[in-house]
Amino acid sequence: MNESPNHVELVGKLLAWISENYSTTDALCIFRDGSNVAGSDKPPLIGSFFPDILAEDTPPTVTIIGEAKTAADLETSHSEKQFRAFIEYLSFRANPRLVIATPWHVRNTAIAIVSKLSCELSAGHVPATFI
C-alpha cells in the first residue's frame, strides 16, 4: 500500500507525540506500520487491522495505539471498524491510550467518532488524545 505524504506526516506527528509524552517510560517498544518499515518492526494485527503505531513497555504496563487519518479517510466504514477494534483491544490493557492524528479541520469529527464508539463499547476508561 502506498502511503500519501499527508498520512506519512501524520504518523510522524504520532511518533513525536509519543516520544515527548512517554520519554521516561522504561523499555518502551514502538512498532510502526509503513511501506519502508521492516516486518519485525511492524505492529501485530489488532482485530483485523494493523495500527499505524503500537507502543508497549516490557512487562506491559502501558499500551498506546496511534492511528493517523487523513480527511478523506476519516469518515469511512474501514476507519470506524479500525477504531472499534483498537478501542476494544485497549479496554483490556493496562494504562491504555488511543492517539489519533488528523488534520486540524477534521479533529472534531474524529473526536465525535471515537467518543461514540467508546460509549457503545463501554470503554470510557480508555483515554483518547487527538493531535
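**Close-up 1. Aromatic rings and a charge over a ring in the predicted model.** A search of the whole predicted structure finds 1 aromatic pair, where rings of Phe, Tyr and Trp (its six-membered ring) pair if their centres lie within 6.5 Å. The charged end of K69 sits over the ring of F83, at 6.0 Å from its centre; for a charge to sit over a ring, NZ of Lys or CZ of Arg must be within 6 Å of the ring centre and within 35 degrees of the ring normal. Residues are numbered from 1 along each chain as its sequence is written, and side-chain values use heavy atoms, with hydrogens and water left out. As this is a predicted model, local features need pLDDT of at least 70 and side-chain atom pairs count only at pLDDT 80 or more, whereas totals for chains, interfaces and linings use all residues.

**Close-up 2. Helix α3 against helix α4.** The axes of α3 (residues 77-90) and α4 (residues 107-120), lines fitted to C-alpha atoms over the stretch in contact, come within 10 Å and cross at roughly 50 degrees. From α3, the residues E80, F83, R84 and I87 meet I113, V114, K116, L117, S118 and E120 of α4, contact being heavy atoms within 4.5 Å.

**Close-up 3. Two loops with backbone exceptions.** T58 and P59 are joined by a cis peptide bond with omega of about -10 degrees, and P59 lies in the loop between β2 (53-56) and β3 (63-68). In the loop between α3 and β4 (96-101) is N95, a residue other than glycine whose phi is positive, near 45 degrees.

Key:
Rings of Phe, Tyr and Trp (its six-membered ring) pair if their centres lie within 6.5 Å; planes under 30 degrees apart count as stacked, over 60 as edge-to-face and the rest as tilted. Axes are lines fitted to C-alpha atoms, for helices over the stretch in contact, and angles run from 0 to 180 degrees between N-to-C directions. Helices (H or I, at least four residues) and strands (E, at least two) are DSSP runs, numbered from the N terminus.
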